[in-house]
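Reader: Hi! Could you give me a friendly close look at one part of this model and what lies around it?

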Amino acid sequence: MVQERIIAIIAEKLDIAAESISGVSTFDDLHIDSLDLVEIMLAIEDEYDITIEEASGLETVADVTEYVQKKIV
């Protein structure tokens, strides 16, 4: 599923356990800085062959999941 793959990407980029990430996890909770965020978004774009135009409104893993699901439909 999309959320599980996004969690895996975030876990890989942050070098943390995927089990420590949930849909309600915020980027602040995960201590994601701006560079991490860019790397994560680029990896998600590559994974789903999409372009993320505006990441500023995306604050949680669930927000990213919903955004990606709308783009890949």
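Author: Happy to! Contact here means heavy atoms within 4.5 Å. This is a predicted model, where local features need pLDDT of at least 70 and side-chain atom pairs pLDDT 80 or more, while totals for chains, interfaces and linings use all residues. Residues count from 1 along each chain as its sequence is written, and side-chain values use heavy atoms, leaving out hydrogens and water.

Let's start with Ser25, in the loop between helix H1 (2–14) and helix H2 (34–48); helices are DSSP runs of H or I, at least four residues, numbered from the N terminus. Leaving aside residues up to four places away in sequence, Ser25 touches Ser20, Leu30, Glu59, Thr60 and Val61. Ser25 has a relative accessible area of 7%, so it counts as buried (under 20%, with a 1.4 Å probe and protein chains only). Its side chain also reaches the backbone nitrogen of Ser22 at 2.9 Å.

On to H2. At its start, a side-chain oxygen of Asp33 comes to within 3.1 Å of the backbone nitrogen of Leu35, and just after H2, Asp49 takes a positive phi of about 50°. The buried residues of H2 are Asp36, Ile40, Met41, Ala43, Ile44, Glu45 and Tyr48, and their cover includes H1 and helix H3 (61–72).

H2 and H3 pack at about 30°, with axes 11 Å apart; axes are lines fitted to C-alpha atoms over the stretch in contact, and angles run from 0 to 180 degrees between N-to-C directions. The two helices are therefore roughly parallel, the word for angles under 35 degrees. Met41, Ile44 and Tyr48 of H2 make this contact with Val64, Val68 and Ile72 of H3.

Definitions and conventions:
Buried means under 20% relative accessible area, exposed over 50%, partly exposed in between (1.4 Å probe, protein chains only). A polar contact is a pair of N or O atoms within 3.5 Å; within protein, one must be able to donate a hydrogen and the other to accept it, and residues adjacent in sequence count only if both atoms are side-chain atoms. Angles under 35 degrees count as roughly parallel, over 145 as roughly antiparallel, 65 to 115 as roughly perpendicular and the rest as oblique.
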